[in-house]
Amino acid sequence: MKIGMLTSGGDCQGLNSALRGVAKTLYNEFGNQVSIYGIRDGYRGLIEGDYHKMEPRDFSDILTLGGTILGTSRQPFKEMTKARDDSEETKLEKMLATVKKARFDCLVILGGNGTHKTANLLSQHGVNVVTLPKTIDNDLWGTEMTFGFQSAMDIAVSVIDSIHSTAFSHSRVFIVEVMGHKAGWLTLYAGIASGADVIVIPEIPYSAEKIAQAIERRQESGKRFSILAVAEGAVSREEAKMSKKEFKAAREAMTHPSISYRLASELKELTGQEIRVTIPGHYQRGGIPCAADRLLTSRLGVAAAELIRDGKFGYMVALQNNCIVPVPLSEVAGKLKTVPPDGEVVRAARALGLCMGD
Ligand code: F6P
């Protein structure tokens, strides 16, 4: 049996641990009846036929290693079926040709939203595919938790923890901008876990006036500082009413380097205070996976290998009710899992007295 493995899209903690989980289980199950090939830099390697045979030793000592030993790249889904003219092969056709030429019996694909759209496309074109849900954003439909999320949350929490002491010393207002793309999971969870005072997420459009009032209320009650956890994808109430086109134009015209800087200047205007911004950025995706992600990736890796053993293809392995279950790729592809604005976790944040920006 020949298996091709690839990691695609933004990297995160736990990718190597997941690859290890799949490989170890396959080697234990099939011994030398299985050959595993590493496809370099995600779909780029599949498009260009860039893959290499791996050995069991390649999967040793990588449980705690950050990044991905296979490399990764972003290959937009919409480019997969485009060609300049009839004579040019599409990226999809090139990938199908690689699968055929390499005689891969199955592809194991680790990725997030964009990756899953392409994985589903490959599956629809007859490729045997099994996927694992990866992203610090936790925005993949069909799974309660993606791997990378909990490690990134730990980092965002430790940044906000550190900011607390400086905010206290200087009696200042701080904004910490948290990654998460268009979903607020990372900001919401890290914000609660670190005791932030205000949490701003894309799913709840913010009002600068309401946030300013929350900061002033804290000051009036004798609090020396306020910390705001702001999602990189946060939008204002005014922006939420705009069409897609208007929103794009407004953001292109924005002179601030990110939404946090814009909010900081709005709040400075409203409260008369200096507001400092900290952006941990890609730091949130790096380094060793936390214990919870090592466990999750190991469980997902075993489940993916078991699907291959059972000849069940076209599935993503997912976490549901603390069990690992297969979810059809056709159900996952193209759907975003966002934070329910009146869900239990948002209600918990409000019950704790946090301002959710509205
Ligand atoms: O999807 C993971 C993520 O880190 C998002 O949170 C962020 O918006 C994006 O990737 C950043 O992308 P890039 O690494 O391409 O700059």
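Tutor: A polar contact is a pair of N or O atoms within 3.5 Å; within protein, one must be able to donate a hydrogen and the other to accept it, and residues adjacent in sequence count only if both atoms are side-chain atoms. This is a predicted model, in which local features need pLDDT of at least 70 and side-chain atom pairs pLDDT 80 or more, while totals for chains, interfaces and linings use all residues. Residues are numbered from 1 along each chain as its sequence is written, and side-chain values use heavy atoms, without hydrogens and water.

Student: Which residues surround the ligand?

Tutor: Counting a residue as near if one of its heavy atoms lies within 4 Å, the ligand has around it Arg74, Ile136, Asp137, Met179, Gly180, His181, Glu232, His282 and Arg285.

Student: How far from an oxygen atom of the ligand is the backbone N or O atom of Gly180?

Tutor: For Gly180 the separation is 3.1 Å, whereas a polar side-chain atom of Glu232 lies 2.5 Å from a ligand oxygen, and a side-chain N or O atom of Arg285 is 2.8 Å from an oxygen atom of the ligand. Taken alone, the ligand exposes 400 Å², of which the protein buries 71% (Shrake-Rupley areas, 1.4 Å probe).

Student: Is Arg285 itself buried or exposed?

Tutor: Buried means under 20% relative accessible area, exposed over 50%, and partly exposed in between, with a 1.4 Å probe and protein chains only. Arg285 has 15% relative accessibility and therefore counts as buried. The side chain of Arg285 also reaches the backbone oxygen of Asp11, at 3.0 Å.
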